[in-house]
Amino acid sequence: MKINKTDLQKALEKVKPGLANKEIIEQSTHFAFMGDRVVTYNDEISISCQVPNLDLTGAVSAQELYAFLNRIKVEEIEAEITENEIRLKTGKGTAGLVLHPEIRLPLQEMGSIEEWHELPEGFMEALAFCWFSCSKDMSRPILTCVHVGEDYMESSDNIRFTYRGLPDGDIPVPEFLIPGTTVQDLNRYAVTEIATSKGWVHFRTADKTLTFSCRIFEDNYPNTEAIMEMTEEPAEIILPKDLPEVLDRASVFAKAQFDSDTMVTITLKDKKILVEAKNAAGWFEEELPIRYKDDPIKFVINPAFLSEMLDKTKSCLISGNKIKFGQEDVEGWTHIIGLVEA
């Protein structure tokens, strides 16, 4: 059997997020080949991708296969399959990889998909918009998820709260809770369809070559009405038009291992707005003039996320110990942050 290296590499790259770091589940660190598809499964997500002109059944160690393909220059590979081995001939060289003929991944646990539905326009944009506010504290796992409702999404870590409506259409499946870490992986793919099975939600690309399945959290999301309420008469603040440029400079020194951990500190005081950032490599601060002369306020926020909000609105509201961007009933979204001591 002849295999196109580029086609195989592209498919393996797409399914890599579904690999486990350690093989707690048998074959979860393997690429599982099922005819013309390659599948990965790590108990949280499973990704399946079509490989053109492939006909192979069995599981192969992901680390060795992926590394080997990256080190060969030929475009076409001659593959020879035996009972427990796949031999890859690449010009003068030949590599043999152990092939487990039986797929032992518990794919049946994901259940069967009865019907696919088209995703409403803006679904993935809204999901990406909300995941920044997900908590990382596993003592309250429900807050590590984005709550996908009938026609809206929301997330909160008890300090931040984000709401995003979907005015262009209701979500065609029952509401669910998707982990924020899963959203980061899902956001890599241009999915257009959605389906559900017991305990799982599935997404598929328009050409049906890739399916992304993820385990969902089964619980009831907390009532968030109290968070959205402003206890005092809000004061409106117009933020400087040059703030996105300052945030871009600050992000150099705010960079963290994960995008959601990248934070800058914003302080409003004495008709100035101060942007501060600090990491192990250095620090940054810059001031801009602003029409604010009330009590000093301070909050912490992701710079990329704030820049995205500033594309939509240059104003925010302050009430009590909260600062609010956007209005869910007017602009279709809102983001609320608890203020810290200035």
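What volume does the largest cavity have? I looked this up in a predicted model, and the value for the largest cavity is about 60 Å³.

**Entry: cavities.** I searched for cavities of 30 Å³ or more and found two in the structure. The second largest cavity holds about 40 Å³ of space.

**Entry: lining of the largest cavity.** I listed the residues around the largest cavity: Ile3, Leu8, Phe33, Leu54, Leu56, Val60, Leu65, Ile86 and Leu88. I sorted this lining by class and got nine nonpolar residues, with no polar and no charged ones. I then checked the strands and noted that β5 (56-61) and β7 each give at least two residues to the lining of the largest cavity.

Entry: I followed Ile3, one of the lining residues, and found Ile77 of β6 opposite Ile3. Strand β1 (residues 2-4) pairs with strand β6 (residues 76-81) in the antiparallel sense, over three bridges. I went on from β6 to strand β7 (residues 85-90) and found an antiparallel pair joined by four bridges. Within that pair, Glu78 faces Lys89 in β7.

**Entry: lining of the second largest cavity.** Which residues line the second largest cavity? I wrote down Phe132, Ser133, Arg160, Ile301, Asn302, Phe305 and His335. I sorted these by class as well: three are nonpolar, three are polar and one is charged.

Definitions and conventions: Residues are numbered from 1 along each chain as its sequence is written. This is a predicted model: local features need pLDDT of at least 70, side-chain atom pairs count only at pLDDT 80 or more; totals for chains, interfaces and linings use all residues. Side-chain values use heavy atoms; hydrogens and water are left out. Two strands pair if DSSP finds at least two bridges between them. On a 1 Å grid over the protein atoms alone, a cavity is a set of points where a 1.4 Å probe fits but cannot get out, and a pocket is an open set with protein on both sides within 12 Å along at least five of seven lines; lining residues have an atom within 4 Å of a point. Grid points are joined across faces, edges and corners, and a volume is the space filled by probe spheres set on the points. Ala, Val, Leu, Ile, Met, Phe, Trp, Tyr, Cys and Pro count as nonpolar, Asp, Glu, Lys and Arg as charged, and the others, Gly among them, as polar.
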